[in-house]
Amino acid sequence: MNDNTSETPISTKLTLLKRIQLFSDLHKPALKKIADLLEDMEYQKGHYVFKKGDEGDAVFIITEGSVSVKDEDLVLSTLGEGDVFGEYALIDNKARSASIFAEETLRILRLDRTSFSRLLTENKEIQHGLLHLFVNRLREHDVLEKQLADQTKQIIRQKESLEELNKEKNHLMGIIAHDLRNPLSSTLSLAELMKSESENFDEDQMICINGIIKSLNRMVNMVDRILDVKALEAKQDQLNLEKVELSELIKNTYESYKSKIENKKLKVHLNLNTIHARVDRQYLLQVLENLLSNAIKFSPPGKSIFINLWIHDGKAHIGIKDEGPGISSDDHKKLFHKFQQLSAKPTGGESSTGLGLSIVKKYTELMKGNVWCESEPGKGAKFVVTFKKA
Ligand SMILES: Nc1ncnc2c1ncn2[C@@H]1O[C@H](COP(=O)(O)OP(=O)(O)O)[C@@H](O)[C@H]1O
Ligand SMILES: [Mg+2]
């Protein structure tokens with residue numbers, strides 16, 4: 001460092017001082033007083049002006065050369081002629097937050113806090129100027145704060161109206177789905193009845209009735225899918241937790257799928273203990289139905305399904321294991337996500353929407369339980385759900 005360098009002209013000093021935000025509003029006489037305090041300094045290339053952690057004692061303005069602002073070895077930025085650094089050291093003596101390194105021979109003006117403080121106590125205009133600056137800053141801050149508050153209010157209002165709209169949409173979907181499903185199912189039953197008594201139908205009439213049944217089936221599936229989407233949006237507050245005996249619920253689920261199981265000539269092995277857990281009966285029923293219907297749907301005819309209920313680590317475990325194609329590691333990542341129809345395809349023409357497992361996950365987690373799948377591709381899949389014992 002060398003402070004015997006030739007002096008910077010006063011006009012340059014004044015222009016440079018204006019660049020320091022704290023002084024930008026000051027008039028010339030006050031600026032001149034500050035300019036008198038500026039010290040010309042020179043640093044050789046490769047030297048530090050100050051280091052991170054040093055006590056801040058002055059502000060600097062570069063008149064020639066450039067510096068890098070560094071945090072250890074990381075260069076945060078580079079500054080050149082006319083740039084200012086260390087501004088806040090005029091007000092307080094907090095430690096420097098970065099180091100300043102001379103990238104080439106450097107000429108800078110230094111304004112020391114002690115002499116500036118002395119000037120500040122003597123000079124009313126600088127005091128006023130600074131107060132003015134701070135008041136303006138506070139005002140700007142208030143305006144920003146108000147804008148922010150307004151925007152926050154607006155966002156909250158938009159969120160509320162979106163929630164309202166979503167509720168309306170769900171309500172409407174519910175009405176449509178429920179009210180459509182009944183007449184659709186009865187039309188489907190009627191069409192099937194007609195077909196079963198079709199001895200007198202000619203070929204064209206047979207094509208028609210088959211077409212009608214196929215379309216109606218598609219419509220029923222679509223409506224079911226809408227109902228599934230609605231189920232997915234179910235919220236915590238609709239949960240009705242109670243102490244439930246699990247083996248009974250599992251047996252009931254199994255009974256309701258008996259005809260599908262027989263149609264596919266599957267063998268089901270039940271191994272259930274009597275275990276109680278705090279769950280929502282309806283939600284758990286849907287979880288079990290989805291897992292069992294998958295095991296049935298993706299099993300080739302003639303295979304076995306194992307349904308177990310046991311206690312491990314103080315938790316009730318329900319396992320549904322099949323001998324179907326299993327889940328590949330690629331599919332494993334997408335399992336439990338919405339609308340995922342993965343590699344395994346139904347083996348008996350069953351419908352697939354890819355929503356079942358996302359409902360399983362959603363409901364299980366709502367009931368504070370866990371669900372996962374263990375599978376070796378080609379060797380079947382085992383889905384396990386656990387709940388805290390009641
Ligand atoms: N037990 C299983 N064995 C093999 N694959 C399965 C099994 N259960 C689910 N999968 C795969 O995960 C996908 C998503 O399942 P799910 O969400 O229940 O939808 P869906 O039953 O409507 O197809 C299925 O399409 C299937 O590819
Ligand atoms: Mg399913």
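Which helix gives the largest share of the shell around ligand 1? Select helix 8: that share, 5 residues, comes from it. Before going further, note that this is a predicted model, in which local features need pLDDT of at least 70, side-chain atom pairs count only at pLDDT 80 or more, and totals for chains, interfaces and linings use all residues. Residues are numbered from 1 along each chain as its sequence is written, while chains are lettered from A and ligands numbered from 1 in the order in which they are written.

**Stop 1: the ligand shell**

Helices (H or I, at least four residues) and strands (E, at least two) are DSSP runs, numbered from the N terminus. Show 281-298 for helix 8 and 356-366 for helix 10; each supplies at least two residues of the shell around ligand 1. Now pick Leu342, Ala344, Ser352, Gly356 and Leu357, which come nearest among the 23 residues around ligand 1. Being near here is judged by the C-beta atom, placed from the backbone, lying within 6 Å.

**Stop 2**

Next, display the 5 strands that form an open sheet in the order 10-12-13-15-14, with mixed pairing. Strands pair if DSSP finds at least two bridges between them. Strand 10 (267-272) and strand 14 (370-375) stand at the edges with a single partner strand each, so one side of each has no neighbour in the sheet. Zoom in on strand 10 and strand 12, which pair in the parallel sense over 6 bridges. Lys267 stands opposite Ser304 in strand 12.

Bring back helix 8, which packs on the sheet and touches strand 12, strand 13 and strand 15. The direction of helix 8 makes about 20° with that of strand 13. Such axes are lines fitted to C-alpha atoms, for helices over the stretch in contact, and angles run from 0 to 180 degrees between N-to-C directions.

**Stop 3: the largest nonpolar core**

Select Val287, Leu291, Ala295, Ile320 and Val360, which touch the most other members of this 33-residue core. A nonpolar core is a set of buried Ala, Val, Leu, Ile, Met, Phe, Trp, Tyr and Cys residues joined through C-beta atoms within 7 Å; buried means that 20 or more other C-beta atoms lie within 10 Å of a residue's own. Helix 8 again gives the largest share, 9 residues.

Contact means C-beta atoms, placed from the backbone, within 7 Å.

Terms used:
A residue is buried if 20 or more other C-beta atoms lie within 10 Å of its own, exposed if 12 or fewer, and partly exposed in between; C-beta atoms are placed from the backbone. Two residues are in contact if their C-beta atoms, placed from the backbone, lie within 7 Å.
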